[in-house]
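Subject: Structure handover

Hello,

The structure is below, followed by notes on what was found in it. Please read them alongside the coordinates.

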Amino acid sequence: MSPTNNATRRRRPTIHDVAREAGVSRGTVSRVLNGGRHVSPAAAEAVNAAIRRTGYVVNRHARSLITGRSGSVAFLLTEPQERFFEDPNLGVLLRGCTQALAAHDIPLLLMIAGSGAEQRRITRYVSAGHVDGVLLVSSRTGDPMAETLVRAGLPVVMCGRPVGRATGLAHVAADDRGGARQMVRHLLHTGRRRVATVTGPLDTPGGVERLAGYREVLAEAGLPADEDLVETGDYSHDGAAAATARLLARRPDLDALFVASDLMARGALAALERAGRRVPHDVAVGGFDDSTAAVASRPGLTTVRQPWDRISSEMVRVLLARMAGEDTSAVILPTELVRRESA
């Protein structure tokens with residue numbers, strides 16, 4: 001076989017090869033690769049079949065030179081790196097977003113910016129056009145990154161309900177307040193009357209909304225507000241264990257505990273065990289998230305399920321719509337009470 005034939009055999013298939021194989025124009029192939037608008041279903045199927053037969057792979061660098069777009073999206077976590085490895089929800093959310101974008105052949109870049117220096121560096125990177133949009137994950141209500149990215153002209157969708165000046169930001173969130181109401185009503189229905197709570201940080205949407213739901217249900221039940229039954233946590237195992245110990249020192253008669261995350265609930269369970277309190281006999285315990293931490297707890301943790309698969313898919317859907325220039329509104333998804341042995 002001649003060197004020329006070897007070179008031909010090794011040549012990567014091009015968009016012209018796909019067009020010839022599919023029996024359509026190069027412009028039709030280009031439209032299919034860029035979203036399929038104004039292409040008939042039959043033509044789109046012919047192009048996709050030709051792509052499979054030829055083994056054509058999109059040259060993203062060449063496409064970006066033509067379209068001015070990178071063809072990728074950032075998953076930006078503005079938390080310390082250890083939070084990503086400690087919180088099981090973040091891995092679930094990342095996996096769901098990756099899978100949802102893969103259906104559109106869009107790679108997802110994980111970026112973690114827990115410090116001011118990291119945030120400034122990543123802001124410069126994403127603002128330079130290296131990504132077409134940002135899925136922003138932050139527990140803080142006043143995260144300056146959101147406004148910074150929007151001012152830079154980037155489509156941004158936030159996980160969770162923003163507050164303050166960022167309230168108009170596109171976002172997807174679970175119904176934190178409604179989920180907390182479900183849990184506290186359930187604890188009261190078990191016959192408990194001295195229901196305490198370990199909140200999330202009160203500068204986070206989840207911390208604020210879940211505490212509000214807790215207080216609303218107690219008020220509706222005619223139970224007096226008792227701030228001795230409220231302790232602020234930090235979404236960590238050890239922080240929640242310390243918060244639970246403080247609650248027990250103040251109110252040793254508490255008979256139920258609503259903890260604003262499953263990870264914190266495991267810390268609370270450890271503190272109750274050290275104090276000699278049986279769960280659920282002496283103290284009923286409820287968490288929030290329905291993460292792997294809930295299933296691994298002993299006893300199994302009664303909790304509020306956040307629909308992480310739907311949250312991730314909706315975040316991707318809203319971001320792609322914004323990248324296409326469409327206006328989008330907030331998406332709030334319902335939660336579900338999951339009963340296990342702890343309450």
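In helix 12, His 237, Ala 240, Ala 241, Thr 244, Ala 245 and Leu 248 meet Leu 263, Met 264, Arg 266, Gly 267, Ala 268, Ala 271, Leu 272 and Arg 274 of helix 13; contact means heavy atoms within 4.5 Å. Nine of the residues in this contact of helix 12 with helix 13 are nonpolar, three are polar and two are charged. In this scheme Ala, Val, Leu, Ile, Met, Phe, Trp, Tyr, Cys and Pro count as nonpolar, Asp, Glu, Lys and Arg as charged, and the others, Gly among them, as polar. Helices (H or I, at least four residues) and strands (E, at least two) are DSSP runs, numbered from the N terminus.

This is a predicted model, in which local features need pLDDT of at least 70 and side-chain atom pairs count only at pLDDT 80 or more, while totals for chains, interfaces and linings use all residues. Residues are numbered from 1 along each chain as its sequence is written, and side-chain values use heavy atoms, with hydrogens and water left out.

The axes of helix 12 (residues 237-250) and helix 13 (residues 262-274) come within 7 Å and cross at roughly 45°. Axes are lines fitted to C-alpha atoms, for helices over the stretch in contact, and angles run from 0 to 180 degrees between N-to-C directions. Helix 12 is therefore oblique to helix 13; angles under 35 degrees count as roughly parallel, over 145 as roughly antiparallel, 65 to 115 as roughly perpendicular and the rest as oblique.

A second pair is helix 10 (residues 176-189) and helix 11 (residues 205-220), which pack at about 40° with their axes 7 Å apart. That angle makes helix 10 oblique to helix 11. The contact residues include Ala 180, Val 184 and Leu 188 of helix 10 and Ala 212, Tyr 214 and Val 217 of helix 11. By class, the contact of helix 10 with helix 11 has seven nonpolar, two polar and eight charged residues. The crossing of helix 10 and helix 11 is right-handed.

Most residues other than glycine have a negative phi, and most peptide bonds are trans. The bond from Val 279 to Pro 280 is cis, with omega near 5°, and Pro 280 lies in the loop between helix 13 and strand 9 (284-286). The bond from Arg 298 to Pro 299 is also cis, with omega near 0°; Pro 299 is in the loop between helix 14 (292-296) and strand 10 (303-305).

Asp 105, not a glycine, has a positive phi of about 60° and sits in the loop between helix 7 (88-102) and strand 2 (108-112). Asp 105 counts as partly exposed because its relative accessibility is 47%; buried means under 20% relative accessible area, exposed over 50%, partly exposed in between (1.4 Å probe, protein chains only). Asp 290 has a positive phi of about 60° as well, and is found in the loop between strand 9 and helix 14. At 16% relative accessibility, Asp 290 counts as buried.

Regards

Terms used
A crossing is left-handed if the near helix is turned anticlockwise from the far one by less than a right angle, and right-handed if clockwise.
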